[in-house]
Amino acid sequence: MFQLVFFILFTSRFTESQGKKVLCRSSDVEISYSFCDSVDHVFFLGIVPCSFSEGRWKITLLWIPRSDIIFLEGSMDLWYDAANVFQGKEVICHGFDDDYSFCGTLKGETVNTTFELSGLKMQLPKVICCCMLFSLTSSFLLFLNAVLI
């Protein structure tokens, strides 16, 4: 319980102080993001359709990173009814022989990619999904928060 209280206090304060930006909002989902610093970033993330009930999403990413993307790690936490029900980490960019085209992008270069993502085809209760991106060269990069209503 203490971890949830700490998490809520930390993330809500963090996202408010850094300028939480809403990507999309519909009757069943709200997706927002914020960066770890107060400097403006060239960043666009489009999600079509903005509905969790759809099975596939088309995601468009346009970003000019302020540091090299050589080593990139992501983590995801899923919260339901004040409990952390899922926690996962994944290395996205290893520094060699990477699966993603944006791996190896240097500071100032443009990342412009579109991909599809499959979702769950079942109804979920109200959950909060928090995703974070970390880089070994510049630590914390991005905080993405999705609330499934």
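Two strands count as paired when DSSP finds at least two bridges between them. A hairpin of 3 residues joins strand S1 to strand S2. The model is predicted. Its largest pocket holds about 1,500 Å³ of space. The whole structure contains 2 disulfides.

**Strands S1 and S2**

- S1 and S2 pair in the antiparallel sense, over 4 bridges.
- In this pairing, Val 22 stands opposite Ser 32 of S2.
- How many residues of S2 are buried? The count is 7 of the 7, so the rest of the structure largely encloses this strand.
- In a regular strand, side chains alternate between the two faces of the sheet.
- Both faces of S2 are covered. Val 29, Ile 31, Tyr 33 and Phe 35 are buried on one side. Glu 30, Ser 32 and Ser 34 are buried on the other.

**The open sheet**

- Strands S3, S4 and S7 form an open sheet in the order S3-S4-S7, with antiparallel pairing.
- S3 and S7 are the edge strands, and each pairs on one side only.
- From one strand to the next, the twist averages 15 degrees.
- Strands of a sheet pair through backbone hydrogen bonds, either parallel or antiparallel.
- S4 and S7 run antiparallel and are joined by 8 bridges.
- Ile 59 has Phe 115 in S7 as its bridge partner.

**The largest pocket**

- The largest pocket has a volume of about 1,500 Å³. Its lining has 49 residues.
- Which lining residues are closest to the pocket centre? They are Ile 59, Phe 115, Leu 117, Cys 131 and Leu 144.
- By residue type, the lining divides into 35 nonpolar, 10 polar and 4 charged.

**Disulfide Cys 24–Cys 50**

- A disulfide is a covalent bond between the sulfur atoms of two cysteines.
- Cys 24 and Cys 50 form one, with sulfur atoms 2.2 Å apart.
- The link of Cys 24 and Cys 50 is right-handed, with 80 degrees about the S-S bond.
- Cys 24 lies in strand S1 (residues 21–25) and Cys 50 in the loop between S3 and S4, so the pair ties together parts 26 residues apart in sequence.
- Cys 24 and Cys 50 are both buried.

**Disulfide Cys 93–Cys 103**

- Cys 93 and Cys 103 also form a disulfide, their sulfur atoms 2.0 Å apart.
- Is this link left-handed or right-handed? The torsion about its S-S bond is about -80 degrees, so the disulfide of Cys 93 and Cys 103 is left-handed.
- Cys 93 is in strand S6 and Cys 103 in the loop between S6 and S7, so the pair ties together parts 10 residues apart in sequence.
- Cys 93 is buried, and Cys 103 is too.
- With bonded cysteines counted along the chain, the disulfides follow the pattern 1-2, 3-4.

- The cut-off for a disulfide is 2.5 Å.
- Cys 129 has 13% relative accessibility, so it counts as buried. The limit for buried is under 20%.
- Cys 131 is partly exposed, at a relative accessible area of 23%.

Technical notes
Residues numbered from 1 in each chain as written. Predicted model: local features only at pLDDT ≥ 70, side-chain atom pairs only at ≥ 80, totals over all residues. Heavy atoms only, no water. 1 Å grid on protein atoms, 1.4 Å probe; cavity = no way out; pocket = protein on both sides within 12 Å on 5 of 7 lines; lining within 4 Å. Points joined across faces, edges and corners; volume = space filled by probe spheres on them. Nonpolar A, V, L, I, M, F, W, Y, C, P; charged D, E, K, R; others polar. Helix = DSSP H or I, 4+ residues; strand = E, 2+ residues; numbered from the N terminus. Buried < 20%, exposed > 50% of the residue type's maximum accessible area, 1.4 Å probe, protein only. Axes fitted to C-alpha atoms, helices over the stretch in contact; angles between N-to-C directions.
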